Each structure stands twice: as structure tokens, then as C-alpha cells.
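Take a look at the ligand site first, then at one residue in a strand. The text below walks through both in that order.

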Amino acid sequence: MNTIITGLQWGDEGKGKIVDYLTESADVVIRGQGGNNAGHTVIANGVKYVLHLLPSGILWPGKLNVIGNGVVVDPAGLVDEITRIESQGVAVTPENLLISDRAHVVLPLHKELDAAREAALGDRRIGTTKRGIGPAYADKINRCGLRLADLTDRAFCEAQIRRRVNEANPLLARHQLAQFDADEVIASVFTAFERLRPHVCNTIPVVHDAWKTGRNLLFEGAQGTLLDIDFGTYPFVTSSNTTAGGSCTGSGLPPTAIDSVIGVCKAYTTRVGSGPFPTGDEGLSDYLHGLGREFGATTGRPRGCGWLDTVLLRFACMVNGVTGLAVTNVDGLDAYDTLRICTGYEIDGIVHTLPPADRTAWDRAKPVYEELPGWNCDTTGCTAYPQLPDAAKLYLTRLGELCGAPIAFVGVGPDRAQTLPVA
Ligand code: IMP
């Protein structure tokens, strides 16, 4: 059984937790896009792990984890992450982690260029994580990027890095940002690469062999559908295909290898960075932040919070081909008397049930809500779906109806034991 796990909102849906849960029956866990802009927090046996580039399967013994060709890898960032996770007692070896030699490299100067671009945009900034993701993917598309395979040819890479540093420095100077010393960049990239080198290989035959021999593959999507470069709230998006198709192009496995797509969403909506957020609600944001919830794992930024938006979810279920929904953070709504679900956007007097492409239409979109009773009790102790209060089941059933996909899992807390399968 080969399953893609994909985010249906603006990222941070709790995918890491669902991946971690499903990893028990998986043999191989694969990341196909994004970079260390992603931040997955997984709590297992009471221990908190924060993962950025490493697939969540790394926390399990005996699983193979693959960073696929579609990912952009910051070598120094990945080495830091490996060092941190090893200090928590998790061994990272070529037996449990392989990295595609086709994956593109995020250079230190990509991060500064990210910051420079954001500064130049002023009020129109995207609100990126400043991890260099956009500039690294831009180099890939412009056909001037470096891939991990290239790092084995040091002379070639040194020349490329010197050229890129010479191009970048005048731009960075214009924005009063630190300029780069090419020798330092080269030293930092190659020091990190030495730690990664034993893991780097052609991962495509490895994942094909796993598929052909009937092993269970799990694809771990990063970010979410509304951050997808094609389907998201462009230009307030990330620079990769975060939707299900990105798992195929980002790993070298064909669509025919995929059996199911689990779409992960929160029981409400959150987003970080700039851009439209029709159901954003200050009261709900204040309430959730007051509970210590909804602070970004990568940047620590408070996330904007809002009511459940089924206009976005309906679209996300369509473009991902979702076969089952995993609804997380249901416990975040435990103390509410009345809950709102957005079923449409009114734009210039017409109700739309799918999101617009026109960026100016977003500014005029007024959410159309229906209200449902809250459950007003603690759900965090529920250990099976039938134990949820009736009002919570009603809310989830309505969510599934409006999105056109069945509910497969419900999350009532961060621990593995708080992920409840729906029979
Ligand atoms: P970038 O991916 O750093 O270029 O940022 C582009 C947009 O995607 C910004 O709005 C970020 O906040 C958002 N973003 C990137 N990664 C994540 C994530 O893992 N969770 C939520 N938002 C993200």
C-alpha cells in the first residue's frame, strides 16, 4: 500500500504526526519537495522532536527514509538537524537515510537573497521563512543550480559558487545585507557535504525496487495545498508543488504507484506569512495563542487562526485526489459553545464554492458561514473515535460532507496515542 500524505491548508496541519502514526506500517518514508522551511513537530513517548528535512520515519527503528530529488537541501542545515536528532538518541546512518543525488543545494547566499527579495518587496513581502527556498528553486528552474551530485566535482562547484557570490554581493550590498566571502561559502558547503556524502546516492532505483517488491511506501508532503506554486494563493506561496503530484515528480515514482492520498487538515484554519485569509479571526487566534498553541516550529512566529474553511478544503480534496481526511487539533476547539464553518465565499454578490485565481477577488471575498454547536468538553483523553462527544462527530461528519471525502483519522492531541482511526 503506497500512500501520499498531503497538507490541505497553508501548512502546519499536523502532517508529521499523521506520518509518524502511519509509519508503523510503512517500510520507506519519502520526502519529495520543499526544504528546511518545513517544520514537523512529533511527540513520541513524551519526547518532542522537531524535524525540518528529515522524514518523520527517522524516529522509528528499521525504516528507510528518503530525501527525494524534488527537495532542496541546505547541507549545513541538514547536518545541524542530524546532529540535534542524534543528541536525542536517534542514530542517522546510510541504513536509515538516503538523499537523492539529484536534489538541489540551498547555498548560504540563497538565504540572503531570500531576505533581500523580501526587503525589496516591502509591504508586498511574501513572509517567507528566509531559508533560501525560493532562490534555490529559482536557480533550479533557471538551470543554474547545483545538485548534490555536482558536489563530487569540487573544481566545478567552486567555480559556480564564486560566480554566484560575485552576482549576489552587489544586490546584497544594496539592501545593506551581509556580503559573502566565496571561500567561506565553499568551506561551509563542503564541510557539511562530507557528513552527508555516505547518504547521497541515486535513490530512484531504490524506491522503485521497494515498490516492485511490495514494500509499503509513505510520501510525506511538506507545507500545504494553498502554498502550492500552482494551486495556492499565488504569489503568497512556496516555490514547490506541495500537492500530491509533487510526491511523484519529487521521488521518481510514477502516479501508478500510488494507492491512496490522505489529506491532513486542522479542525480550524491557520496560516503564517502574508496573503489572503478569508476566515481569519482575531478572537480565535488570541484564544489559541493563549493556550500556547499555534506558534511556528521553524520560525516561532504566531500563526494567524481562523474558522474551518471548506471552500479551500473542497478544492484541496479535488486537486490532491484525497481518499481519506485526517482532521487534527480537534481538541483546539474543545472550549467553544458555537463553531463556524465557511461553506462559500461571497464575491461581488455571487457565492463561490471554489477559491478564485484572481488575486484581487480574494480581497473582496466574504466568508459565508454555517454554525454548529460546540462540544464544550475535553477530548484529549479520547482513545477511540466512538468516545468523541456527539457534537464533535457531527462537526466532523459535516466537514467530510462539505469536502466530499471520508474522515479517516481524527487528532485530539500531539501524542501518537491521540491519533484516532475512524473505522
Ligand atoms: P518559503 O517557503 O520560505 O519561501 O515561504 C513561502 C510561504 O510559505 C510563506 O508564507 C511561509 O510562511 C510559508 N511556509 C513555508 N513553509 C511552511 C511550513 O512548513 N508551514 C507553514 N507555512 C510555510
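A polar contact is a pair of N or O atoms within 3.5 Å. With that cut-off in hand, turn to the ligand. The model is predicted.

An oxygen atom of the ligand sits 3.3 Å from a polar backbone atom of G127. Side chains take part elsewhere. N37 places a polar side-chain atom 2.8 Å from an oxygen atom of the ligand. Q223 has a polar side-chain atom 3.2 Å from a nitrogen atom of the ligand. How much of the ligand's accessible area does the protein cover? On its own, the ligand has 470 Å² of accessible area, and the protein covers 97% of that.

Now step back to the whole shell. The ligand is surrounded by 16 residues. The closest are D12, N37, T129, T238 and R301. By class, the shell holds six nonpolar, eight polar and two charged residues.

D12 leads on to the next stop. D12 is among the residues in contact with T270, as are W10 and G11. T270 belongs to strand 12, which spans residues 269–271. Is T270 buried or exposed? Its relative accessible area is 1%, so T270 is buried. Leaving aside neighbours within four places in sequence, T270 also touches F277, E294, R303, G304 and C305. Its side chain makes a polar contact too: the partner is the side chain of K266, at 3.0 Å.

Technical notes
Residues numbered from 1 in each chain as written. Predicted model: local features only at pLDDT ≥ 70, side-chain atom pairs only at ≥ 80, totals over all residues. Heavy atoms only, no water. Near = heavy atom within 4 Å. Polar contact = N/O pair within 3.5 Å; in protein donor to acceptor, adjacent residues only side chain to side chain. Areas by Shrake-Rupley, 256 points an atom, 1.4 Å probe, with all protein chains shown as cover. Nonpolar A, V, L, I, M, F, W, Y, C, P; charged D, E, K, R; others polar. Helix = DSSP H or I, 4+ residues; strand = E, 2+ residues; numbered from the N terminus. Buried < 20%, exposed > 50% of the residue type's maximum accessible area, 1.4 Å probe, protein only. Contact = heavy atoms within 4.5 Å.
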